[in-house]
Amino acid sequence: MNNIFVESEFAPLKRVVMAQSEVAFPVKIDPEEVKFLAEEESDLYSGKDISGKNYKDVFPDKQKMWEEERENFKKVLEKYHVEVTVPRLLTDYEKELGKEDGYSNFFVRDPFFTIGYFLIEGSLRFPHRRNEVLPVRDILVTESNKNECLYLSIPKPDISKGPKSEDGPFLEGGDILVLNKTIFVGRSGLASNENGIKWLERLVGHYGYEVVEVPLHPTILHLDCALSLVREGLMIVCEDALLEGIPKQLKDWDKINVTLEDASKLATNGLPINENVYITDREFKFIGEELEKRGMTVEYVDYKISRSFGGAFRCSTQPLFRSND
């Protein structure tokens with residue numbers, strides 16, 4: 001039996017990779033990159049030397065809470081018989097390589113993604129995240145050796161104009177939503193770009209897939225921060241974040257609407273286990289109530305610390321196997 005295949009966002013989830021909880025600050029602090037600290041933990045942040053430091057060393061109590069969030073999330077996944085694989089931690093050498101810009105190993109959705117039988121290493125825009133695929137690579141190699149899948153990688157970003165060149169190609173898993181043979185790819189200017197989307201089109205187009213670009217509000221990092229495909233015919237969506245409106249393929253779907261403010265808090269970044277079960281944060285009880293009205297079971301996990309880093313349940317996972325078969 002082949003164990004690598006993603007049919008859709010809501011096909012029964014059977015195997016998944018779940019992220020570690022590891023991040024460090026750059027030596028030179030960009031106020032925008034620690035904005036979450038100023039908002040969520042200003043009392044802790046004030047007066048602390050965080051330059052080049054690991055989060056767990058600066059905020060040990062918060063680190064413990066963060067790890068507990070992930071463990072509680074894992075328990076819910078396992079309750080529904082989902083096989084969970086966790087990547088290794090970064091090595092000391094990998095941390096040293098990333099010390100200048102900071103390093104991260106906290107949202108496994110972005111550094112690789114699965115479309116059908118494709119297992120694809122992405123290309124991340126932020127320099128401090130570009131080695132984030134390394135802790136998960138041994139999983140990808142092992143899985144590709146055991147299963148009938150196509151394991152490949154998008155080209156490394158072009159840095160001929162400097163380390164922050166916009167040429168890319170950039171393609172991040174948070175921007176990619178799978179709906180059978182239709183692949184929606186978000187583009188806000190913060191993550192995936194035109195060159196990355198064209199690369200994906202040329203690849204999967206040969207296998208009968210259609211790639212649909214979805215322009216996003218410039219404050220929205222990824223498509224999964226604006227849209228969640230819950231089950232066939234039902235979505236959670238922030239319409240204000242979709243610059244050209246809801247894609248025509250989804251126009252007739254039932255909608256649970258969220259505001260741009262709620263989208264910024266990761267309201268759409270829940271995770272369907274299947275078409276009947278959805279995981280979200282109790283912060284978004286209003287979404288859970290709407291789902292329950294439609295006959296779904298909702299599992300709640302407190303995910304405040306994870307959300308303070310800009311990602312929630314979908315960001316913390318990348319499926320290896322989602323299928324109705």
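Student: What is the relative accessibility of R294, and how does R294 count on that basis?
Tutor: R294 has a relative accessibility of 24% and counts as partly exposed (buried is under 20% relative accessible area, exposed over 50%, and partly exposed in between, for a 1.4 Å probe and protein chains only). This is a predicted model, in which local features need pLDDT of at least 70 and side-chain atom pairs pLDDT 80 or more, while totals for chains, interfaces and linings use all residues. Residues are numbered from 1 along each chain as its sequence is written, and side-chain values use heavy atoms, without hydrogens and water.

Student: Which residue forms a salt bridge with R294?
Tutor: The partner of R294 is D254, and the closest N and O atoms are 2.7 Å apart (a salt bridge is a side-chain nitrogen of Lys or Arg within 4 Å of a carboxyl oxygen of Asp or Glu). This pair links distant parts of the chain, 40 residues apart: D254 is in strand β14 (residues 254–257), and R294 is in the loop between α9 (285–293) and β17 (297–300). Helices (H or I, at least four residues) and strands (E, at least two) are DSSP runs, numbered from the N terminus.

Student: What is the relative accessible area of D254?
Tutor: D254 has a relative accessible area of 35%, and is partly exposed.

Student: And which residues are linked with D254 in a network of salt bridges?
Tutor: The network links D254 with E290, K293 and R294.

Student: How many salt bridges does the structure hold?
Tutor: The structure holds 20 salt bridges. One of them joins R314 to D224, with the closest N and O atoms 2.8 Å apart.

Student: Where do R314 and D224 lie?
Tutor: R314 lies in the loop between α10 (304–308) and β18 (317–322), and D224 in the loop between β11 (210–215) and β12 (227–231), so the pair ties together parts that are 90 residues apart in sequence.

Student: Are R314 and D224 buried or exposed?
Tutor: Both R314 and D224 are buried.

Student: Which residue meets D281 in a salt bridge?
Tutor: The side chain of D281 meets that of R307, at 3.0 Å from N to O. D281 is in the loop between β16 (277–280) and α9, whereas R307 is in helix α10, 26 residues apart. Both D281 and R307 are buried.

Student: New topic: in what order do the three strands of the open sheet stand?
Tutor: The order is β12-β13-β14, and the pairing is mixed (two strands pair if DSSP finds at least two bridges between them). β12 and β14 stand at the edges with a single partner strand each, so one side of each has no neighbour in the sheet.

Student: In what sense do β12 and β13 pair?
Tutor: β12 and strand β13 (residues 234–237) pair in the antiparallel sense, over four bridges. The bridge partner of R231 in β13 is L234.

Student: What about cavities: how many reach 30 Å³ or more?
Tutor: There are two cavities of 30 Å³ or more. On a 1 Å grid over the protein atoms alone, a cavity is a set of points where a 1.4 Å probe fits but cannot get out, and a pocket is an open set with protein on both sides within 12 Å along at least five of seven lines; lining residues have an atom within 4 Å of a point.

Student: What is the volume of the largest cavity, and which residues lie nearest its centre?
Tutor: The largest cavity has a volume of about 140 Å³. Its lining has 22 residues, and E9, R109, I176, L177 and R314 lie nearest the centre. Elements that each supply at least two lining residues of this cavity include β6 (112–115), β9 (176–179) and β18.

Student: And the second largest cavity, what lines it?
Tutor: The second largest cavity, of about 40 Å³, is lined by residues including A19, Q20, F106 and E132.

Student: What is the volume of the second largest pocket?
Tutor: The second largest pocket has a volume of about 620 Å³, a volume being the space filled by probe spheres set on grid points, which are joined across faces, edges and corners. Of the 29 residues that line this pocket, P127, R130, N131, K156 and P157 lie nearest its centre. α5 (92–97) and α6 (134–146) each supply at least two residues of this lining.

Student: Last one: where is P272 found?
Tutor: P272 is found in strand β15, and at 4% relative accessibility P272 counts as buried. The C-alpha atoms of P272 and V230 are separated by 5.9 Å, although the two residues are 42 residues apart along the chain.
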